[in-house]
Amino acid sequence: METAINPWWIIGGVLFAVLNTAAGLIWVERRMLALWQDRYGPNRAGPFGLLIVLADSIKMFFKEDWIPPFADRLVFVFAPAIVVATVLMSFTIIPVAPGVVVADFNIGLLLFLAFSSLGAYSIMLGGWASNNKYALLGAMRGAAQMITYEVFMGLSLMGVVLLSGSFNLTDIVLAQQDGWFIVPQFIGFFIFLVAGLAETHRLPFDIPESESELVAGFHTEYSGMKFGMFFIGEYMGVTLISALVTTLYFGGWLGPDFLPPIFWFLAKTFAFICLFILLRASLPRPRYDQLVEYGWKFLLPLALVNLLVTGAIRLMQ
Amino acid sequence: MIPDLLAALRSRFGNDIVEPETTRDETPTFWTPQGKVLDLLIYLKTGLSQPFSMMYDLTAHDMRAYKKDLNGHSRFDFQLVYHLFSFERNAFLRLKVGLEGEYPSHPTATHIWPSLNWYEREVYDMFGIRFEGHPRLRRILMPSNWEGHPLRKEHPARATEMGPFRLWDEKQDAEQKALQFDPAEWGLQTQSEDSDFLFLNIGPQHPGTHGVLRVILQLDGEEIVDAIPEIGFHHRGAEKMGERQSWHTYIPYTDRIDYLGGVMNNLAYLLAVEKLAGITVPPRAQTIRVMLCELFRIASHLVWYGTFAQDVGQLSPVFYMFTDREKVFSIVEAITGGRMHPNWFRIGGVAQDLPAGWDGLVRQFIEYFPRKLKEYDKMVMRNSIFKARTKGIGIFTLQEAIEWGVTGPGLRACGLEWDMRKKRPYSGYENFDFEVPVASHGDCYDRAVVRVEEMRQSLRIIDQCLKNMPEGPYKSSHPLTTPPIKKHTMQDIETLINHFLNVSWGPVIPPGEAMSCIEATKGWNGYYLLSDGNTSPYRVRVRAPSFAHMQMLPYISRGYTVADLLSILGAMDFVLADVDR
Amino acid sequence: MLLQSSASSYLPILIQGIMALAFVGITMVITHLVGPKRRTIDKLTPFESGISSVGNARSPFSIKYFLVAILFVLFDVEVIFMYPWAVNFRELGGKGMIEMFVFMGMLLLGFFYVIRKGALDWEK
């Protein structure tokens with residue numbers, strides 16, 4: 001690759017950008033939800049309420065770091081760390097602009113799948129370690145949901161791999177120069193989006209949390225920064241899935257030349273983040289057996305058929 | 001109806017089975033000896049043609065301090081009062097049983113009507129009357145370690161008659177311990193063949209229960225094996241308070257029973273008071289009352305609509321609906337000065353005449369609201385995930401609904417077109433043209449369908465109020481009207497005296513008993529009042545619909561999942577203050 | 001395309017991993033140090049809507065989706081076989097396609113068997 005940028009700068013830059021995006025999403029999400037729900041949202045601290053991000057972070061930092069005596073101490077502490085660490089690691093494979101990627105890696109997608117499987121542990125372990133009944137139910141739901149959606153998250157990506165012939169995300173972006181994969185892979189995109197929602201367990205698929213049923217689900221006993229880790233991990237997950245959708249189906253950094261490639265990448269990613277927030281604002285939550293059933297009985301066969309049809313068409317060309 | 005019913009009963013059981021009594025509200029009332037009441041109840045429910053299939057209410061009176069003549073009937077220490085309802089006859093039947101002794105006992109009738117379970121527990125809790133053979137006779141509204149029976153006359157009615165309340169650490173621990181659930185006490189298994197059951201508290205401090213309701217779930221995985229609602233956390237002794245407030249000053253307490261229904265509670269109470277006093281309310285006051293009640297029906301249903309959507313995880317509708325509810329409240333505020341609890345109806349009418357410009361506000365809302373309802377239909381009712389969460393969930397049949405005393409939209413969702421505003425019109429509802437929405441499946445979704453349609457019908461009624469608001473006084477000129485119309489007091493000494501007495505002491509309502517029953521937001525709401533000719537009621541009985549509905553929760557939630565429980569609770573549309581009073 | 005990663009291409013990932021863990025670790029340690037410590041009785045019991053709970057959250061209780069977990073393992077392993085096929089699709093050509101058809105056909109057959117058996121039905 002023609003990279004001339006010091007890889008340390010890239011790593012630092014990606015980490016800095018991701019963490020700040022996640023923090024900024026606190027404000028973005030609350031303002032956007034407010035906009036769609038006909039109310040103000042945070043508007044007091046600083047211009048447009050932007051300093052709410054700072055206020056929230058300070059609050060998190062100075063909260064009591066509490067490990068309940070009835071919990072499994074070690075696991076209880078590790079669970080929130082897992083989610084943040086795995087999502088942060090997944091960002092290594094995403095090319096932000098030509099040459100700007102932490103690891104230009106020929107098995108990039110597989111790495112993402114591997115880390116997203118690891119992420120599922122954080123919910124299971126966190127809920128289990130809490131030794132709380134709501135948390136336990138939430139953890140069990142989370143486990144069923146995440147393993148279900150992992151199967152065809154991988155399957156839905158295969159269409160893209162088929163078309164580009166590579167697991168490397170830079171190659172995948174470059175393969176879209178003649179046309180974004182959203183057109184031939186619309187079904188794949190849809191399945192990946194649903195699976196991504198389920199993996200990040202956001203509304204409408206926030207079934208491990210489902211506030212109205214399980215209080216706070218798997219993180220009922222968490223507070224302070226350990227809760228903050230789950231919180232920020234969720235936002236980073238949203239950013240990750242948005243960035244991946246952009247890269248895999250919407251041509252990544254590709255766009256008209258009058259603006260730099262990184263702008264296109266960021267703009268598209270932000271658009272998908274907004275889509276995530278809009279979905280949260282508008283959809284009710286399915287019951288989790290419905291979600292699991294929908295996954296197995298509808299999305300899984302659909303993903304398989306999509307793969308076969310893509311293959312067949314590709315072969316005929 | 002009374003003569004042939006009397007004849008039918010006497011021909012079957014002999015002459016001494018029942019003894020009729022004439023009451024002020026003209027509800028058919030029979031006294032029956034204690035030994036025969038069970039046979040009589042069974043016959044009334046199953047043997048009679050056009051049976052009394054619903055057990056509407058059971059309550060008791062502590063008659064030991066009642067000084068007035070009892071309509072010629074002999075006095076007992078306590079009397080139990082069963083209220084039955086027959087849909088075929090469109091009639092209530094009041095059945096009274098006299099009980100003697102300090103702590104009398106009485107045979108249970110829970111095997112005849114399952115819905116009597118909670119009512120008998122309530123009577124036991126409040127009066128100390130034991131029901132022999134009751135499956136689980138324990139306190140229901142008061143904490144299990146509470147001492148005494150609050151509705152007995154020897155129990156103080158004022159805080160000043162007791163020492164100050166203190167909660168020291170040991171007491172708090174004891175209370176906490178008393179709240180802990182013991183499966184054995186309820187006869188529940190702790191494990192199945194291959195796994196343990198999980199006992200999970202949903203509430204009292206839980207985001208999904210709309211207040212301090214506690215539901216104890218016996219879970220097999222996520223499946224509900226059994227559910228036990230524990231109520232009473234919101235109990236404020238509304239019935240006891242009635243015994244120390246004057247007839248007039250009790251009105252604001254009624255506002256807070258179904259706190260989403262606002263003045264509709266005033267109406268239920270006042271209809272009973274006015275029956276006792278023999279007051280006829282002038283048409284303008286009646287129409288104002290109807291209009292306000294329907295506005296509150298819309299406000300209440302909007303809260304239900306939004307929170308129901310939120311219960312199944314839809315975040316946004318509740319914000320839109322509360323915004324619309326604010327619009328209703330701004331009308332209510334312009335008319336009454338209050339918002340949620342206006343306390344605005346008075347004995348014999350309403351507090352004030354409508355303000356200038358009220359019609360503009362109402363007209364604006366009538367034009368604005370249908371559009372929003374259409375939008376909400378799209379947003380909530382036609383959402384496929386919402387449908388998946390509510391269709392086929394929490395089903396009960398019409399038969400079961402009647403058996404358990406379900407009223408209001410829940411009953412209509414089973415296909416019975418029964419609305420008290422149509423069938424037993426009060427406050428001039430017979431003059432209005434509206435439809436009674438029904439649905440047929442009796443599941444959570446259908447209950448929602450009925451309520452949504454009811455909002456449209458309420459709007460129709462409000463529109464008719466707007467177009468046909470009668471002229472005339474907003475208060476009756478009856479001497480017991482409280483406070484009386486001021487301008488007359490300046491004319492003659494009679495009304496001046498009435499004014500003075502009614503305002504300083506409160507009105508003296510003639511002795512007797514009367515019951516009202518209105519179609520409130522959540523079902524049939526009734527006040528059953530007993531007067532001994534004093535400035536305050538001798539006994540106030542509040543029959544709240546949510547109490548009966550909540551009792552049915554275990555029955556309709558077994559076999560569903562925890563997530564479904566929230567759909568069921570949401571579709572039930574209860575208010576904890578209405579359950580616990 | 002052959003897998004041609006060398007150990008060196010993992011290096012950036014390793015570095016990022018270390019930095020991510022460092023971020024998490026440092027943040028948690030700092031909050032542990034700066035946050036207040038207040039022990040009250042109410043914090044010592046698991047939250048269950050304000051009522052002391054009955055029994056333990058760690059009891060053996062029924063998990064309806066146990067079969068889902070088993071199916072996940074089966075399907076996930078089988079899906080792995082598709083990855084190399086997808087990436088080498090062009091080299092394998094029509095023959096590979098047909099083989100994949102056969103493989104997926106068998107997979108789907110098993111899948112329909114599972115559905116017919118009702119393994120994915122909640123109510124049984």
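The centres of domain 1 and domain 2 of chain C, taken over C-alpha atoms, are 39 Å apart. Domain bounds come from an automatic or database domain assignment. This is a predicted model, where local features need pLDDT of at least 70, side-chain atom pairs count only at pLDDT 80 or more, and totals for chains, interfaces and linings use all residues. Residues are numbered from 1 along each chain as its sequence is written, and chains are lettered from A in the order in which they are written.

| Domain | Residues |
|---|---|
| Domain 1 of chain C | 8–44 |
| Domain 2 of chain C | 63–117 |
| Domain 1 of chain B | 2–152 |
| Domain 2 of chain B | 238–580 |

In chain B, 27 Å separate the C-alpha centres of the two domains. There, 24 residues of domain 1 touch 28 residues of domain 2. Contact means C-beta atoms, placed from the backbone, within 7 Å. On the domain 1 side, β3(B) gives the most, with 6 residues. Strands are DSSP runs of E, at least two residues; helices are runs of H or I, at least four.

Chain C also meets chain B: 14 residues of chain C contact 19 of chain B.

In chain A, helix α1 (residues 7–36) and helix α9 (residues 224–249) cross at roughly 110°, their axes coming within 9 Å. Axes are lines fitted to C-alpha atoms over the stretch in contact, with angles from 0 to 180 degrees between N-to-C directions. So α1(A) is roughly perpendicular to α9(A), a term for angles of 65 to 115 degrees. Among the residues that meet are Val18(A) in α1(A) and Ile232(A) in α9(A).

Terms used: Contact = placed C-beta atoms within 7 Å. Parallel < 35°, antiparallel > 145°, perpendicular 65-115°, else oblique.
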